[in-house]
Amino acid sequence: MSSTLFSTTGVVLARASYREDDRLYVFFSSELGKLRVIARGARKPKAKIAPHLESYALVRVLLVETRGFYTVAGADTEASFHHLFTRDDSAHLAFASAHLVDLVTREGDPASPVYHELMHWWKFLETTPALSVRRSGVMLGAFSLRLAGHAGYLPELNRCLHCRTPIRPSYFEWSSTRGGVVCLDCLERHQEMWLRTQALKNETLKLLRMSHHYPYEALLQTSVSADVCEEFHQTVDALILAHFPVIPVVPIQAMCQVDPAGFFR
Ligand SMILES: [Zn+2]
């Protein structure tokens, strides 16, 4: 049986127990995208590989590929994101972002833009001051929107989906299933094509645009009222439901508060 030995650098997005002593990891690298890899004996108390694969870190792995299955032959930590775990808010956001990346990517897809977005996000979380629950939600919503963009599901935020005219304030509605804004003229003329649109505040559309374009640091400075925050989350959650290949079981706002303790350390 022929096997290939190779190495790659990346991060672990998720893990699961496998057989009696083994562990299955979802590994994500810039070069190879998402791979499911098996680490034999990783659940044994003195396993040497597991500590490298069970923390937020950039890990160099040595992999053996046999008939499309990948086994970990060695692992070494290149850089650690351990600062993420010094606070609850950043730990929760790091965990949620790894989960979202796992949901939006498929094995075999090119990964580079999503990978770089995740690295950029983790570096941002390491250096940012503590975030309130509301601000955490907005930031994770922005991260989700960028992931959707990299995966080809970015909503149209500037021009009417139907006639391509630039959208004027207060003269549009929103379609989650079609992914973006439609002008009121098109809505009036082609009612049969636009059945499930909804009103959206100008401020919410503005926040969606900023979420996609602004640096994360600048987005931290924008003021967001409670009702705009609520509408922003409804819109982002509906987009995820309509377009992500696998959908999360909890809304983005709740995901910011899922405790990763016991999962990663
Ligand atoms: Zn139009």
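I began with α6, where Thr204, Leu205, Leu207, Leu208, Met210 and Ser211 are buried, buried being under 20% relative accessible area with a 1.4 Å probe and protein chains only, exposed over 50% and partly exposed in between. Helices (H or I, at least four residues) and strands (E, at least two) are DSSP runs numbered from the N terminus.

I note that this is a predicted model, in which local features need pLDDT of at least 70 and side-chain atom pairs count only at pLDDT 80 or more, while totals for chains, interfaces and linings use all residues. Residues are numbered from 1 along each chain as its sequence is written, and side-chain values use heavy atoms, with hydrogens and water left out.

I then looked up what covers the buried residues of α6, and the cover includes α4 (133-150), β6 (172-175), β7 (180-183), α7 (216-219) and α8 (226-243), contact meaning heavy atoms within 4.5 Å. I also checked the length of α6 (residues 202-213): its 12 residues should span 16 Å at 1.5 Å a residue, and the end C-alpha atoms are 17 Å apart, which agrees; the expected span is 1.5 Å times one less than the number of residues.

Next I turned to the nonpolar cores, each a set of buried Ala, Val, Leu, Ile, Met, Phe, Trp, Tyr and Cys residues joined through side-chain atoms within 4.5 Å. The largest has 66 residues, and Phe28, Leu118, Trp121, Trp122, Leu140 and Phe143 have the most contacts inside it. Helix α2 (residues 88-104) supplies the largest share of this core, 9 residues. A second, separate core of 17 residues includes Ala42, Ile49, Ala50 and Ala75.

I followed leucine 118, which is found in helix α3 (residues 112-127) and counts as buried because its relative accessibility is 0%. Not counting residues up to four places away in sequence, leucine 118 touches Val11, Leu13, Phe28, Ser97, Ala98, Val101 and Phe143. Leucine 118 and serine 97 lie 21 residues apart in sequence, with their C-alpha atoms 7.3 Å apart in space. With the same exclusion, tryptophan 121 touches Leu93, Ser97, Met139, Leu140, Phe143 and Tyr216.

The lining consists of Ser144, Leu145, Ala148, Tyr153, Pro155, Val236, Leu239, Ile240, His243 and Phe244. The elements giving two or more residues to this lining are α4 and α8, and α8 gives the most, with 4 residues.

Conventions
On a 1 Å grid over the protein atoms alone, a cavity is a set of points where a 1.4 Å probe fits but cannot get out, and a pocket is an open set with protein on both sides within 12 Å along at least five of seven lines; lining residues have an atom within 4 Å of a point.
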